Amino acid sequence: MNRTTLSLIVGTTALAAVTGFAALNTPGPSGTGTAKAAAQLPVQRTTLVCPTPSTSDIADTSYTSFTPVTKGTDNQGQAQLQAAGEESGTGSGDTSGSGAGTTKGGKGGKGGKGGAGRKKAAKPVLEPRTPGTPVTGDTSGADAPALIGAAEGKFAPGWTMQETTEVAAGTGRGLLGVNCTAPDTEFWFPGASTASSRSDYVHLTNPDDSAAVVDIELYGKDGAVKSTVADGITVAPHSTEPILLSTLADAPQDDLTVHVGVRSGRVGAAVQALDDKLGGDWLAASTDPAGSLVLPGIPKDATSVRLIAFTPADTDADLKVRLASPSGMITPAGHETVHVKGGMTTAVDLGDVTRGEAGSLVLTPTSQSVPVVAALRVVRGKGDKQESAFIPATGPIEARATSADNSGKGSTLSLTAPTATAQVRVTASAGSGGGTEVSKTYTIKAGTTQDIAPPVPAGLKGTYALTVERLSGGPVYGARTLAATEEGVPGFTVQTLPDDRGTVSVPQADEDLSILN
């Protein structure tokens with residue numbers, strides 16, 4: 001084998017570890033391509049972006065960073081998050097997002113004041129020290145910026161960031177939580193609104209050194225919403241743009257699906273939904289359009305559940321609606337199916353569908369499979385003591401997923417296995433201020449949802465992370481509910497647990513690479 005072939009193999013392996021994709025056939029003795037079974041290798045770089053937490057002067061925000069211990073990593077690497085408008089002290093700045101700085105954006109309107117100007121290097125907002133132990137940081141007020149972070153080496157596989165904000169009063173009051181997201185080129189947000197009681201912002205954050213150009217499309221009950229200002233929005237390098245959705249619509253719409261498409265570059269995106277009466281929370285993106293969807297972790301004491309669904313296809317979708325309860329699959333009376341017209345947003349009130357038990361909604365096609373996105377708006381409490389949260393459709397935990405911000409009380413882990421029994425291991429990490437990790441194994445029966453009071457680290461000090469690993473059986477879907485009651489209002493937020501994609505499949509060469517000609 002010559003050096004050129006070896007360089008190709010090494011380059012492809014490195015590319016796979018960073019991007020999550022690789023395909024390579026090495027020449028066999030007869031000149032045909034052969035390869036051994038692919039190996040699972042840890043990713044080598046992860047980029048995350050956290051949106052601007054709040055515009056409230058009385059907001060209190062905490063950030064929690066965590067990387068689970070991953071076999072196969074070495075002792076090298078670093079991770080750090082920079083506030084908007086600050087440049088990473090490393091001086092790096094490639095388009096893969098290793099530059100950790102952002103420029104502070106404006107608040108409201110079509111866009112903010114995002115700009116490409118750089119300030120001098122500043123100390124990171126958070127700088128994780130050891131995989132397996134969370135690191136936390138706090139900030140207060142309306143000036144808390146968006147964050148952009150990069151993790152390399154041992155900190156990259158499964159790196160998770162949680163942003164949690166408490167707002168005591170005013171529009172959007174309550175507990176707001178969001179998982180900081182990896183930048184991408186397309187996002188779907190069913191469940192947004194431009195109703196008079198709502199102030200919904202889509203936050204766009206660009207982690208890279210070149211500008212991103214973004215189109216925003218809105219779809220209501222009658223189809224696409226006319227807008228003259230939603231195309232070609234420029235998000236400057238290392239900047240964030242919070243965009244008020246009502247400025248993009250020609251009339252109020254109770255239920256909208258927001259489609260964010262990136263023409264050039266990439267962004268992180270999330271919708272902040274603020275309600276005058278029902279509090280506020282973050283609406284994370286739904287999983288990619290699919291014929292069957294799972295929306296896990298509906299709180300058992302939910303007083304109202306609203307399903308919002310959309311298909312980007314020209315064909316209508318007919319979906320069977322089932323609830324995975326602790327005892328098995330049930331069909332909600334009066335809501336056996338839902339019809340979703342092509343290109344239009346459909347909303348259905350399911351009421352108190354869980355009836356005091358843990359539950360997850362499972363949507364499957366009645367006949368023809370048509371790609372759909374969906375989310376739930378969940379309300380707890382009654383009267384003037386209500387708060388809302390969102391549960392988007394999510395992907396399965398194929399290997400591992402993590403919830404970063406948990407305390408000794410207030411966390412509920414919800415796991416569902418819609419098609420086949422599965423076994424999982426749940427590990428509570430050491431606390432951010434001390435403690436010893438503990439693990440416990442659970443069996444989730446087919447067609448059921450289990451609400452689990454998660455294990456707590458021995459001698460816990462501070463916050464801790466919960467990592468779920470699927471050990472065997474069918475697909476598992478999960479969500480974590482964080483609850484805190486203030487002045488009688490049941491504040492809560494729900495984050496789904498998609499797979500952390502901490503490893504990547506890399507084809508192995510069929511030849512001995514140790515001998516060079």
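Valine 426 sits in strand 30, which covers residues 422–428. In this predicted model, is valine 426 buried or exposed? At 0% relative accessibility, valine 426 is buried. Its C-alpha atom is 4.6 Å from that of valine 468, a residue 42 positions away along the chain.

Leucine 319 is 49 residues from glutamine 368 in sequence, and the C-alpha atoms of the two are 9.4 Å apart in space.

Turning to covalent links, the structure has one disulfide. As a reminder, a disulfide is a covalent bond joining the sulfur atoms of two cysteines. Here the partners are cysteine 50 and cysteine 180, with 2.0 Å between their sulfur atoms. The angle about the S-S bond is 110°, and the link between cysteine 50 and cysteine 180 is right-handed. It joins distant parts of the chain, 130 residues apart: cysteine 50 belongs to strand 3 (residues 45–50), while cysteine 180 is in the loop between strand 9 (174–179) and strand 10 (186–192). How accessible is cysteine 50? Its relative accessibility is 0%, so cysteine 50 counts as buried. Cysteine 180 has a relative accessible area of 7% and is buried too.

Salt bridges come next, and the model holds 11 of them. One of these pairs aspartate 208 with arginine 266, whose closest N and O atoms are 2.8 Å apart. Aspartate 208 and arginine 266 are both buried.

Strand 26 brings in two further bridges. In one, the side chains of aspartate 275 and arginine 377 meet with an N to O distance of 3.2 Å. Aspartate 275 is part of strand 17 and arginine 377 is part of strand 26 (residues 373–382), so this contact ties together parts of the chain that are 102 residues apart in sequence. Both aspartate 275 and arginine 377 are buried. In the other, arginine 380 meets aspartate 301 through their side chains, at 2.9 Å from N to O. Arginine 380 also lies in strand 26, whereas aspartate 301 is in the loop between strand 19 and strand 20 (304–310), so the pair ties together parts 79 residues apart in sequence.

Elsewhere, acidic residues collect on the surface. Which residues form the patch of negative charge? Asp184, Glu186, Glu217, Asp231 and Asp288 gather there. Among them, aspartate 288 is found in the loop between strand 18 (279–283) and strand 19 (293–298). Aspartate 288 is exposed, at 53% relative accessibility.

The backbone has a couple of features worth a look as well. Most residues other than glycine have a negative phi. Arginine 355, though not a glycine, has a positive phi of about 50°. It is in the loop between strand 24 (345–351) and strand 25, and arginine 355 is exposed at 68% relative accessibility. Arginine 501 likewise has a positive phi, near 50°, without being a glycine. Its place is the loop between strand 37 (489–496) and strand 38 (503–509). Where does arginine 501 stand, buried or exposed? Its relative accessibility is 68%, so arginine 501 counts as exposed.

Methods: Residues are numbered from 1 along each chain as its sequence is written. This is a predicted model: local features need pLDDT of at least 70, side-chain atom pairs count only at pLDDT 80 or more; totals for chains, interfaces and linings use all residues. Side-chain values use heavy atoms; hydrogens and water are left out. Patches are made of residues with over 30% relative accessible area and no salt bridge: like charges are joined within 9 Å, nonpolar side chains (Val, Leu, Ile, Met, Phe, Trp, Tyr) within 5 Å. Accessible areas come from the Shrake-Rupley method with a 1.4 Å probe; for residues, only the protein chains shown count as cover. A salt bridge is a side-chain nitrogen of Lys or Arg within 4 Å of a carboxyl oxygen of Asp or Glu. Lys and Arg count as positive and Asp and Glu as negative; His and the chain ends are not counted. The place of a charge is taken as NZ of Lys, CZ of Arg, CG of Asp or CD of Glu. Helices (H or I, at least four residues) and strands (E, at least two) are DSSP runs, numbered from the N terminus. Buried means under 20% relative accessible area, exposed over 50%, partly exposed in between (1.4 Å probe, protein chains only). A disulfide is a pair of cysteine sulfur atoms within 2.5 Å.
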